[in-house]
Each structure stands twice: as C-alpha cells, then as structure tokens.
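Dear colleague,

Please find below the structure I am handing over to you, together with its sequence.

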Amino acid sequence: MLDGGALLDLYQNGRAADGPARLAVLARAAGADAATLPLAELDRRIWALRADWLGAAAGDAVCTCPACGGMLEFTLPAGFALPPAAAQTVSVAWRGRDHALRQPRLSDIGPAGLDPRRLGEGPWDDPGFAEAAARALQAADPALGLGFAMTCPDCGAALEQLFDPAGYFWAEIEDLARRLLHEVALLARAFGWSEAEILAMPPARRALYLSEVAP
Ligand SMILES: [Zn+2]
C-alpha cells in the first residue's frame with residue numbers, strides 16, 4: 001500500500017539525484033542492497049516495490065507511440081520476473097578461451113557509463129567480444145537491458161524500445177508526489193492541519209475535505 005510519508009521521502013531524496021544515485025535511492029526504498037546486487041536484480045526489486053505501492057493496476061505500463069501519439073499498454077516479459085537466483089556469473093567463450101564475467105552492479109557505472117572491464121577479464125577492445133559478452137549477460141538475466149518489440153494497435157507502426165523500469169517508476173513517483181504535495185498544501189492552508197495530520201488521513205477522507213476546499 002502506498003504510504004504518503006514514504007512517497008514524499010522518496011521524492012525528496014531522489015529529486016536532486018542523477019540517474020545512478022536515484023537508482024540507489026529507489027533500491028534503498030525497495031530494501032535492496034545496491035552495493036552487492038546486480039543491476040537487473042535492483043530493477044526487479046524496484047518493480048516489485050511499485051506493484052506493492054500501486055497495486056494490481058501497476059502490472060501494466062504505458063508508453064506513447066512515436067508515430068501517432070496513441071497510448072500503448074504493455075506488460076513486462078515473463079523473463080523479467082526470474083528468481084534472484086538467476087546466474088550472477090556467466091562464461092563467455094571467445095576465440096578458444098572462456099571468460100568468466102559477473103553481472104554488472106551500480107558501482108560499475110562511472111561518469112562515462114558502464115565500465116565493462118570491471119565485469120571480468122577479456123579482450124574488451126574487440127567489439128565482437130564486447131557484443132558476445134553483452135548478449136551472454138542479458139541471456140542469463142533478461143531483466144538486464146529490457147527491450148520491447150510492439151506493434152501500435154492504432155496506426156500499425158512497429159516499435160522497438162528499451163525499457164527502464166526504475167526510470168518509469170520514478171516518473172510515476174514524481175506525478176504522485178507532486179499531486180500529494182498540492183493536496184497537503186491546500187488542506188494545510190484551509191484547515192491549519194499539519195502535514196502529519198493530513199498524511200495520516202485515509203485518502204478517501206482527504207478527498208472529501210478537498211472537495212470542500214476546491215470543488
Ligand atoms: Zn501508433
């Protein structure tokens with residue numbers, strides 16, 4: 001269930017953060033250790049927090065068709081829900097040698113993006129190896145770099161896009177938190193209640209008072 005106080009805390013902490021730092025904030029809210037868990041597992045835990053906060057309706061996500069502007073609903077592929085036991089290390093065979101690589105973590109992302117050399121020893125300068133490594137890591141945990149292929153039901157356009165679960169949830173958090181802040185401000189101004197008093201109110205009761213203030 002969505003807790004107003006927790007929502008506002010999360011919004012406040014993640015607002016000023018950049019991408020990786022925000023991912024850490026979201027992971028913490030989901031009770032996941034961003035220092036030790038792979039990125040794919042962080043996304044999975046964050047998506048589970050979303051389901052917990054937003055309920056069954058959160059199973060689906062929507063995006064806008066770039067061709068016609070229509071709204072498209074999609075569900076995350078089954079592979080996304082793999083148990084956390086998904087292989088944390090994979091072996092990539094390349095030119096007669098096996099290279100053991102581990103799944104990327106948040107700490108592997110530097111100012112220039114993900115540094116693959118931290119994942120294990122290998123001929124990273126060889127684009128063929130880098131590509132094979134990316135494919136093997138993604139095959140071991142499909143939640144890493146989720147891609148979607150869809151056809152728009154309105155205009156028939158074929159879409160392919162990467163999906164970022166944490167970024168998607170963050171956009172929803174921003175919307176919800178801004179709306180809640182607005183409600184708190186309206187009620188505090190109208191009735192002189194404190195933030196804690198307003199947040200402790202069931203949302204349905206808050207809506208009743210809001211209709212008195214701003215019908
Ligand atoms: Zn379309």
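Predicted model: local features only at pLDDT ≥ 70, side-chain atom pairs only at ≥ 80, totals over all residues.

Helix 4 comprises 14 residues, 127-140, and spans 20 Å from its first C-alpha to its last, close to the 20 Å expected at 1.5 Å a residue. Its buried residues are Phe129, Ala132, Ala133, Leu137 and Ala140. They lie on the same side of helix 4, because the arc they cover around the axis is only 130 degrees. In general, an α-helix has 3.6 residues a turn, so residues three or four places apart point the same way. The face turned away from the buried side of helix 4 carries the exposed residues Pro127, Glu131, Arg135 and Ala139. At the N-terminal end, helix 4 is capped by Asp126, which has a side-chain oxygen 2.8 Å from the backbone nitrogen of Gly128.

The loop between strand 3 and strand 4 contains Arg95. This residue has a positive phi of about 50 degrees although it is not a glycine. Most residues other than glycine have a negative phi. Arg95 has a relative accessible area of 69%, and therefore counts as exposed.

**The zinc site**

The zinc ion has as its protein donors the SG atoms of Cys65, Cys68, Cys152 and Cys155, which lie 2.3 to 2.4 Å from it. The angles among the four donor atoms are 108 to 110 degrees, and the site is tetrahedral. Along the sequence, the donor residues follow the spacing C-x2-C-x83-C-x2-C.

Are Cys65 and Cys68 buried or partly exposed? Cys65 counts as buried because its relative accessibility is 1%, under the 20% cut-off. Cys68, at 37% relative accessibility, counts as partly exposed.

**Helix 5**

Helix 5 is formed by residues 165-191, 27 residues in total, and reaches 38 Å from its first C-alpha to its last, close to the 39 Å expected at 1.5 Å a residue. Its buried residues include the aromatic residues Tyr168, Phe169 and Trp170. Glu172, Ile173, Leu180 and Val184 are also among the buried residues of helix 5. After helix 5 comes Gly192, whose phi is positive, near 75 degrees.

With kind regards

Methods:
Residues numbered from 1 in each chain as written. Heavy atoms only, no water. Donors = N, O, S within 2.8 Å, 3.2 Å for Na, K, Ca; no water. Tetrahedral: all angles 85-135°; square planar, octahedral: opposite > 155°, others 65-115°. Buried < 20%, exposed > 50% of the residue type's maximum accessible area, 1.4 Å probe, protein only. Helix = DSSP H or I, 4+ residues; strand = E, 2+ residues; numbered from the N terminus. Expected span 1.5 Å × (residues − 1). Arc of directions from axis to C-beta. Polar contact = N/O pair within 3.5 Å; in protein donor to acceptor, adjacent residues only side chain to side chain.
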